[in-house]
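These exercises are worked through one step at a time, and each task is followed by its solution. Please look over the sequence and the structure before starting.

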Amino acid sequence: MSHFYFKTMDNDGMIPGDLPFEFPDLFAAVEEAKHVLAEMALDGLPQRPGGTLGIEVQNGNRSAIVRLRLELKVDYIDSS
């Protein structure tokens, strides 16, 4: 088992992960980060177009190894 930290970015700003999570490998950590990101979206989508929710997966040394982002994109279509 390896330690991973999740640093999150939401509508309130950046929150460093203080407690490590244990996963068998990086792929399991990324899968959990996807679930956490989906839960964050349930609490509220980004407040402005172009805003993002995100998670940075860090290894046991707190070095970033994967970034996941959920972006709100709004495209207005000219129907004239």
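**Exercise 1. Describe the exposure of Lys34 and name its partner in a salt bridge.**

Lys34 has a relative accessibility of 43% and therefore counts as partly exposed, where buried means under 20% relative accessible area, exposed over 50%, and partly exposed in between (1.4 Å probe, protein chains only). The model is a predicted one, in which local features need pLDDT of at least 70 and side-chain atom pairs count only at pLDDT 80 or more, while totals for chains, interfaces and linings use all residues. Residues are numbered from 1 along each chain as its sequence is written, and side-chain values use heavy atoms, with hydrogens and water left out.

The next step is the partner: the side chain of Lys34 meets that of Glu31 in a salt bridge, at 2.9 Å from N to O, the term standing for a side-chain nitrogen of Lys or Arg within 4 Å of a carboxyl oxygen of Asp or Glu. Glu31 is likewise partly exposed, because its relative accessibility is 39%. Lys34 and Glu31 are three residues apart in helix α1 (residues 26-43), so about one helical turn separates them. Helices (H or I, at least four residues) and strands (E, at least two) are DSSP runs, numbered from the N terminus.

**Exercise 2. Work out which residue forms a salt bridge with Glu56, and where the two partners lie.**

By the rule already given, the count comes to two salt bridges. Arg67 forms one with Glu56, and the closest N and O atoms are 2.9 Å apart. Because Arg67 lies in strand β5 and Glu56 in strand β4, the pair ties together parts that are eleven residues apart in sequence. Side chains of opposite charge can pair when their charged atoms come close. As for exposure, Arg67 is exposed, with a relative accessible area of 64%, whereas Glu56 is buried at 13%.

**Exercise 3. Find the side chain with which Gln58 makes a polar contact, and decide whether Gln58 is buried or exposed.**

Gln58 lies in strand β4 and counts as buried because its relative accessibility is 7%. Its side chain makes a polar contact with the side chain of Glu56 at 2.9 Å, the term meaning a pair of N or O atoms within 3.5 Å; within protein, one must be able to donate a hydrogen and the other to accept it, and residues adjacent in sequence count only if both atoms are side-chain atoms. Leaving aside neighbours within four places in sequence, Gln58 is in contact (heavy atoms within 4.5 Å) with residues including Tyr5, Lys7 and Ala64.
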